[in-house]
Amino acid sequence: MTNLSAEAFSASLRSLYSRYGYCRYKMNKFEEYDLYARNKDFLICDSVITFTDVDGKLMALKPDVTLSMVKNTRDEPGIRKLYYNENVYRVCKGSQGFKEIMQMGLEAMGEIDEYCIYEVLKLAAESLNSTEKCCILEISHLGLLSSAICHAGIRPEEHRQVIRCIGEKNLHQLQSICVRMGIPQQEINLLRRLASLYGTPQEVLPVVQSLLTGIADEQELSQFLRIIDALNAGKFRDMIRIDFSAVSDPQYYSGFVFKGFAQGVPSAILSGGQYDSMMRKMKRQAGAIGFAVYLDILEQYSPVQTDYDVDTLLIYDESCSIPEIEAMAREATTESILLQRQIPPGIRYRRLITMGKGRIP
Amino acid sequence: MELLNIALPKGRLGEKVLAIFEDAGFPCPSIHQAGRKLIFENEEAGVRYFWVKPSDVSIYVERGAADLGVAGKDILLEYQPDIYELLDLGIGTCRMAVAAKKDFRDDPGRTLRVATKFSKIASSYYLSKGRDIDIIHLNGSIELAPILGLSDVIVDIVETGATLRENNLTVLEEVIPISARLIANKASYKFKNKTIDNLVRCTAQLLEERT
């Protein structure tokens, strides 16, 4: 997104998602607060703007889109493919107040199959590609990671601690907490190896296969390998990285999880995954996969820089008639023209035209 | 080759960290010259060092102004930046502890007043113990609080314990051991993976040889 504005970028994403048959999902700005109170861990931040509606219900300005979409759609045969472009309201890390953030993303809900997972990952890669920056899509699989954690003999209530260390690539802490839990060194080594793996599918997949064969569910492992192989065979070959430190809360996510990074932007600009666990939590039968693109972060680090505020500045005075001003503006043949009585302070213009008494010959 | 931007914590700890990086194969002669320069480069070694306030290192790294940095575990626990914690450098070791006046007796029947610079660490420590507390956030001279009756206990970093002893205070419990950690920006780790990996590997190898 070297010179692509957030508006142009979101327009290109809308057109991309529509081309793949995803329908725009428009929703209300408000949602019952109870939905977020029950799923606080799913939210990026747990502060929500609330108010009491006329009927006495406690409502919230949406801090997230996915939860509302899950709540407001029904289980139907097949796969429902939707995209959204909505404003959400949340407190960003390090900021002192709420912000309105434009978020875009897509969700596929229903009988999620192998192709659908591939398609969503491909669209995540396509979305990154649309930024016109050098991007990386890192992919992980919580199911495979959980298999290794269970195989190591780590109790379910301690999974979160271990997953957090893996997410930080914090091998020294992973080692010490596993030793404290009495986990054999051989198993710790496997987890350390998984946490530190990073690279292209060509570099990493053979290692993943040798580490997890006999440990992970055979079908899950082979599906992971097939999907990554398929992505790697396409035009996104240079963009794909395998990194098991890309983790998300296992209370909500289960299979594939992924994050997108763009060169020059210090944090992920895209984040997504399979959230079947969240669907179960919300009493839904369907599976689901989706991602969000953080347009605010992208815009913050991709300023559209121009040398001028306006191409031409036309200064007229009281002696000029409307037809004269109109004719002069037409003649100027310019990208943009600002008509004023006097030069506004601080304005940067490429060309100045004056007309009337003070006309520069 | 693209340089690695490394934020070093100002002070004694930073000097030690720099010595480790230099011994590991990433020297920077210009950083030892007196002057007012803020940024020091060695293109040959592929590094660009700069000194920052120790508590700011994690901000520089999280926000991508630095690819790598060295920060105390206390800072990482308190601010919880979204970064990778790649190595425990085993230097700057100390402990986060609960201390109080020598004659302090805890009364579980009342709210414990805790003075600290590390509100998050203290809160989560007492939450894990199910103890009701009142946090009094201070920015310095924490030891004064129990002496003047501002708090019952303090949660603070203890190195040798000399300041506590001199003020008639004593350590009641250890919260967590602290040491300096090598941290990396998550995006930098993707885009400069080979160079970061190389620096981490060389540093880890050096530390292992020394132990």
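This is a predicted model: local features need pLDDT of at least 70, side-chain atom pairs count only at pLDDT 80 or more; totals for chains, interfaces and linings use all residues.

Colleague: Which way do strands 5 and 6 of chain A pair, and over how many bridges?

Modeller: They're antiparallel, with 13 bridges between residues 79–91 and residues 98–110. For a landmark, A:R80 sits opposite A:M109 of strand 6.

Colleague: And how many bridges join strand 6 of chain A to strand 11?

Modeller: Eight, and that pair runs antiparallel too. Look for A:Q103 across from A:Y294 in strand 11 of chain A.

Colleague: Switching to helices: at what angle do helix 1 and helix 4 of chain A cross?

Modeller: Roughly 155°, with the axes coming within 10 Å. Angles over 145 degrees count as roughly antiparallel, so that's what helix 1 of chain A is to helix 4 of chain A. The crossing is right-handed.

Colleague: Which residues make that contact?

Modeller: A:L13, A:L16 and A:Y17 from helix 1, against A:L123, A:E126 and A:S127 from helix 4. By class that's four nonpolar, one polar and one charged.

Colleague: OK, chain B. What's the strand order in the six-stranded sheet?

Modeller: 2-3-1-4-11-5, an open sheet with mixed pairing. Strands 2 and 5 of chain B are at the edges with a single partner strand each, so one side of each has no neighbour in the sheet.

Colleague: What packs on strand 5 of chain B?

Modeller: Helix 8 (residues 193–210) of chain B, at about 25° to strand 5's direction. Helix 8 also touches strands 1, 4 and 11 of chain B.

Note on methods: Residues are numbered from 1 along each chain as its sequence is written. Chains are lettered from A and ligands numbered from 1 in the order in which they are written. Two strands pair if DSSP finds at least two bridges between them. Helices (H or I, at least four residues) and strands (E, at least two) are DSSP runs, numbered from the N terminus. Axes are lines fitted to C-alpha atoms, for helices over the stretch in contact, and angles run from 0 to 180 degrees between N-to-C directions. Angles under 35 degrees count as roughly parallel, over 145 as roughly antiparallel, 65 to 115 as roughly perpendicular and the rest as oblique. A crossing is left-handed if the near helix is turned anticlockwise from the far one by less than a right angle, and right-handed if clockwise. Two residues are in contact if their C-beta atoms, placed from the backbone, lie within 7 Å. Ala, Val, Leu, Ile, Met, Phe, Trp, Tyr, Cys and Pro count as nonpolar, Asp, Glu, Lys and Arg as charged, and the others, Gly among them, as polar.
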